[in-house]
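Biologist: Could you take me closely through the salt bridges of this model, saying where the partners of each pair sit and how buried or exposed they are?

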Amino acid sequence: ADFVIPVSGDSMEPRYFSGDLVACQYVALSDCFFQWGKVYVIDTNQGILIKRVRKDPNTNNGVVLISENSDYDPIKIPISDIHHIALVKGLVRIE
């Protein structure tokens, strides 16, 4: 992993809980190949998010960010709004 970052909030429960640490591997945006359905840490215009990434079926220039918690709606964003992206590779849960 390139870095570890703490999870904040409940949007990814029950997979990740606030306070969990996720280990991440940077992905270059210039040659980004999304592994659809995988969880990424995404640096966007709206801040840093941890979400499952799916292809936006309505455009070739966007993605849909999905929360594990069904109380949260999917977020559609253009790829141009992504500044940095990293694939989540592991989890550390502190009891």
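Modeller: A residue counts as buried when its relative accessible area is under 20%, as exposed when it is over 50%, and as partly exposed in between. This is a predicted model, and the structure holds three salt bridges.

I begin with the side chains of Arg-52 and Glu-68, which meet in a salt bridge with N and O 2.6 Å apart. This pair links distant parts of the chain, since Arg-52 belongs to strand 4 (residues 47–55) while Glu-68 sits in the loop between strand 5 (62–66) and strand 6 (75–78), 16 residues apart. Arg-52 has a relative accessibility of 13% and therefore counts as buried, whereas Glu-68, at 28%, is partly exposed.

Another salt bridge joins Asp-56 to Lys-76, with 3.9 Å between the closest N and O atoms. Because Asp-56 lies in the loop between strand 4 and strand 5 and Lys-76 in strand 6, the pair ties together parts that are 20 residues apart in sequence. Here Asp-56 is buried, with a relative accessible area of 6%, while Lys-76, at 51% relative accessibility, counts as exposed.

There remains the salt bridge between Asp-20 and Arg-93, whose closest N and O atoms are 2.7 Å apart. Asp-20 is placed in the loop between strand 1 (3–6) and strand 2 (21–27), and Arg-93 in the segment after strand 7 (82–92), so that this contact ties together parts 73 residues apart in sequence. Asp-20 is buried, its relative accessible area being 3%, and Arg-93 is partly exposed at 42%.

How values were computed:
Residues numbered from 1 in each chain as written. Predicted model: local features only at pLDDT ≥ 70, side-chain atom pairs only at ≥ 80, totals over all residues. Heavy atoms only, no water. Salt bridge = Lys/Arg side-chain N within 4 Å of Asp/Glu carboxyl O. Helix = DSSP H or I, 4+ residues; strand = E, 2+ residues; numbered from the N terminus. Buried < 20%, exposed > 50% of the residue type's maximum accessible area, 1.4 Å probe, protein only.
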